[in-house]
Amino acid sequence: MDFEIHNVEILLVEDNPDDAGLTIRALKKHNLSNHLVHLSDGAQALDFIFCKGSYANRKIDDKPKLILLDLKMPKVDGLQVLKAIREDERTKCIPVVIMTSSNEEKDIIDSYKLGTNSYIVKPLDFDNFSKAVVELGFYWLLLNKVPK
């Protein structure tokens, strides 16, 4: 079975290749990236989550344990992705952490109104960014319990 399709633990939705690379590297260093899929825009994320397009062979019951979601992305932004996840009974309990460079109060409020589990402003330096990613991974993958 292809883990990228069926056993995803982390779905990383990030259009910035540098931020995606840093996130993946930090998770890999602590063995938290074995079942990670990286998508670069919100349209791909919606296809993956809702098993459409090139991900039509996925089963919607094979939910990621965690979605790390950027806000400012091409095609479909993070808030639209979050809204779609929370409006669907099949996906509304998936933990979603917004990881963005936006520190705008409106983005924070809108994210929480739409049901984000956490809102993280990306630290600018590598060490703090890596530490934040690893702490997120440990908490959401190892400590947090979600309904099956």
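Among contacts between residues at least 6 apart in sequence, what share joins residues at least 24 apart? I looked this up first. In the protein chain, the share is 66%. I note that this is a predicted model.

**Entry: layout of the chain**

I went through the secondary structure next. The protein chain has 6 helices and 5 strands. Along the sequence I read the pattern α-β-α-β-α-β-α-β-α-β-α. The radius of gyration is 14 Å, close to the 15 Å from the globule rule for 148 residues, so the chain is as compact as a globular protein of that length. I also took the box along the principal axes. The C-alpha atoms fill roughly 40 × 35 × 30 Å.

As background, strands of a sheet pair through backbone hydrogen bonds, either parallel or antiparallel.

I then checked one pair in detail. Strand β1 (residues 10-13) pairs with strand β3 (residues 66-69) in the parallel sense, over 4 bridges. Opposite Ile-10 I found Leu-66 in β3.

**Entry: a helix across the sheet**

**Entry: the nonpolar cores**

I turned to the interior. Buried residues make up 49% of the 148 residues in the protein chain. The largest nonpolar core holds 27 residues. Leu-11, Ile-49, Ile-67, Leu-69 and Val-81 touch the most other members. Elements that each supply at least two residues of this core are β1, β2, α3 (42-49), β3, α4 (78-87) and β4.

What does Ile-67 contact, leaving aside its neighbours within four places in sequence? I listed Leu-11, Val-13, Ile-49, Ile-85, Ile-94, Pro-95, Val-96 and Val-97. Leu-11 and Ile-49 also stand among the core members that touch the most others.

**Entry: the surface**

The protein chain exposes about 8000 Å². Carbon and sulfur atoms supply 51% of that area.

Terms used
Residues are numbered from 1 along each chain as its sequence is written. This is a predicted model: local features need pLDDT of at least 70, side-chain atom pairs count only at pLDDT 80 or more; totals for chains, interfaces and linings use all residues. Side-chain values use heavy atoms; hydrogens and water are left out. Two strands pair if DSSP finds at least two bridges between them. The radius of gyration is taken over C-alpha atoms; the globule rule is 2.2 Å times the number of residues to the power 0.38. Buried means under 20% relative accessible area, exposed over 50%, partly exposed in between (1.4 Å probe, protein chains only). Contact means heavy atoms within 4.5 Å. Accessible areas come from the Shrake-Rupley method with a 1.4 Å probe; for residues, only the protein chains shown count as cover. A nonpolar core is a set of buried Ala, Val, Leu, Ile, Met, Phe, Trp, Tyr and Cys residues joined through side-chain atoms within 4.5 Å.
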